[in-house]
Every structure is written in structure tokens, then in C-alpha cells.
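Here are some notes to read beside the model. Please keep the sequence and the structure open as you go through the points.

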Amino acid sequence: MSIIFSFRYYFKGELACSRSSTVRNWVYLQVFKRSIMNNITNIHYGPLPADSPYVKPFRFHYTQNGNQKSWDLLKVHDSVSIVIFNVTRKKLVFVKQFRPAVYHGIISSDGVQPGNIDMTKYPPEIAVTLELCAGIIDKPISIVEIAREEILEECGYDIPVDRIEEIIRYRSGVGTSGSEQTLFYAEVTDADKVPAAGGGVDDEMIDVVEYDLVEARKLTEKGTVITSPPSFLFGLLWFFMNRAPKN
């Protein structure tokens with residue numbers, strides 16, 4: 001993919017397209033990624049390795065008002081999420097990706113087990129979520145630097161940390177992990193877009209999508225059913241209350 005994408009941009013070492021062409025070709029790459037994101041096969045479960053770097057289950061014991069109690073918990077990384085607004089085109093920048101946990105939640109609710117999955121009835125698309133740009137805190141750098149890296153790696157915009165505003169910190173998964181997530185806000189422009197960047201790193205498969213303000217506001221309307229985490233909806237509501245253009 002990177003070879004195809006780079007060919008669109010460079011000829012004899014010089015930038016061979018205008019800024020509008022850069023954005024257009026970036027969109028072409030996202031469409032291509034979207035076409036292979038849902039190529040999911042060979043679904044099966046296995047035991048969680050004890051050395052998992054992401055999830056560590058354990059049992060928490062305590063005494064409350066004289067009563068012995070216990071609670072099954074998960075130790076996970078804290079994380080960041082970022083509301084990104086492209087001020088050039090007045091659009092919010094989100095990401096989509098296949099989430100195995102969501103797929104499992106859907107099929108297990110119907111009593112479906114691996115080996116008996118009707119992929120026509122349960123296509124991978126049902127577990128592709130719409131989310132804010134986000135990432136775990138797994139490096140010894142500041143959380144705003146983590147946010148900056150995620151903006152570049154997932155969405156392809158390269159901006160300095162002084163353009164990333166910390167908004168609020170809160171706890172997620174309060175019944176299982178209690179991990180902390182920090183919400184940031186960043187405004188970007190088309191000029192900040194880095195050719196061939198975005199869509200994730202290594203084996204990540206992330207689709208970058210943009211919503212205008214009318215489309216995004218509809219996601220918060222009463223009766224909406226959406227495959228998104230609460231942090232996405234919280235960030236969206238915060239944006240409309242505090243940063244959305246008034247006209």
C-alpha cells in the first residue's frame with residue numbers, strides 16, 4: 001500500500017500533485033484499506049497467555065462493613081483519546097476498525113460459537129466501530145506526546161504538542177478495569193496532512209473517516225443505535241457544547 005501511495009505523490013523526487021490531489025489520493029488509500037479490513041476468517045478462541053502485555057486478569061479481595069468480598073478485575077493500560085477537528089474543511093476526523101470484543105459480544109449474545117458462525121448472517125462489518133483517535137499509554141513519554149503520536153499514526157496529521165489541548169480525565173470500565181483515559185482536543189488543517197501517514201502502524205488496520213457537523217450531530221440523536229464506545233459519544237457531545245462553530 002505504501003508503494004502505491006507514494007507513487008501517487010512523487011515523481012523524480014518532487015511533489016507531483018496539488019494539496020487537493022493529496023487529500024483526494026489519501027481518500028483513495030482509505031477506501032482500499034476499508035476493502036481489506038473486513039477480510040476476517042478463521043475465527044477461534046484460545047486461553048489468555050499469562051504474559052499478555054495488554055490484559056492481566058486477577059481477583060480482588062476486600063472486607064466491606066465486616067463482609068468478605070471479592071471482585072474479578074482486569075489490569076489494562078491507561079489511554080488517551082482525541083477529538084480532532086479539521087478547520088480547513090470543517091469536519092470531524094474519526095477512525096473505524098474491526099473490534100474482536102464487539103464481534104464476540106454480538107455473536108455470543110445469540111449463542112453462536114466459533115466453528116458455527118454464519119459469516120453471511122454475522123459479517124465482520126457488524127463489529128467495525130466508529131471511534132475517536134485513541135491509543136494506550138505504553139511508553140515512558142508524556143501523555144500529550146502519546147496523543148500527538150496517535151494523531152499522526154492513526155489519522156495522518158503531524159502537529160506539535162502545543163496545539164493539543166487536554167480536556168478532562170475520567171475512568172472507564174469501572175466494573176472491570178477502572179483504567180484512566182485522558183481526552184484531548186486538537187484542531188488540524190489540510191496543510192498538516194502527511195502523505196502516506198495514517199491508518200495505523202505495523203499490522204493495524206484503521207480506516208480514517210470524516211463527518212461534517214450535521215452528520216456528526218445526528219450520531220447523538222435520541223434513538224440512535226451506534227457501534228461506538230461511550231468515550232466517543234462523550235467527546236462528540238463535549239465538542240458540540242464547547243468548540244463547534246456557531247454558524
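1. How much accessible surface does the protein have, and what share of it belongs to carbon and sulfur atoms? The accessible surface is about 14,600 Å², and 55% of that belongs to carbon and sulfur atoms. Accessible areas are computed by the Shrake-Rupley method with a 1.4 Å probe, and for residues only the protein chains shown count as cover.

2. This is a predicted model, in which local features need pLDDT of at least 70 and side-chain atom pairs count only at pLDDT 80 or more, while totals for chains, interfaces and linings use all residues. Residues are numbered from 1 along each chain as its sequence is written, and side-chain values use heavy atoms, with hydrogens and water left out.

3. The protein has 6 helices and 11 strands (DSSP runs, H or I of at least four residues for helices and E of at least two for strands, numbered from the N terminus). Of its 247 residues, 36% count as buried (under 20% relative accessible area, with a 1.4 Å probe and protein chains only).

4. Glu150 sits in helix H4, residues 143-155. Glu150 is buried but has no salt bridge (a side-chain nitrogen of Lys or Arg within 4 Å of a carboxyl oxygen of Asp or Glu). Lys139, the nearest side chain of opposite charge, is 6.6 Å away (Lys and Arg count as positive, Asp and Glu as negative; His and the chain ends are not counted).

5. Beyond its neighbours within four places in sequence, Glu150 has contacts (heavy atoms within 4.5 Å) that include Cys133 and Cys155.

6. The disulfide count is 0 (a disulfide is a pair of cysteine sulfur atoms within 2.5 Å). Cys133 is in no disulfide, and its nearest cysteine sulfur, that of Cys155, is 4.1 Å away. Cys133 is buried, with a relative accessible area of 0%, and Cys155 is buried with a relative accessible area of 0%.

Conventions:
Buried means under 20% relative accessible area, exposed over 50%, partly exposed in between (1.4 Å probe, protein chains only).
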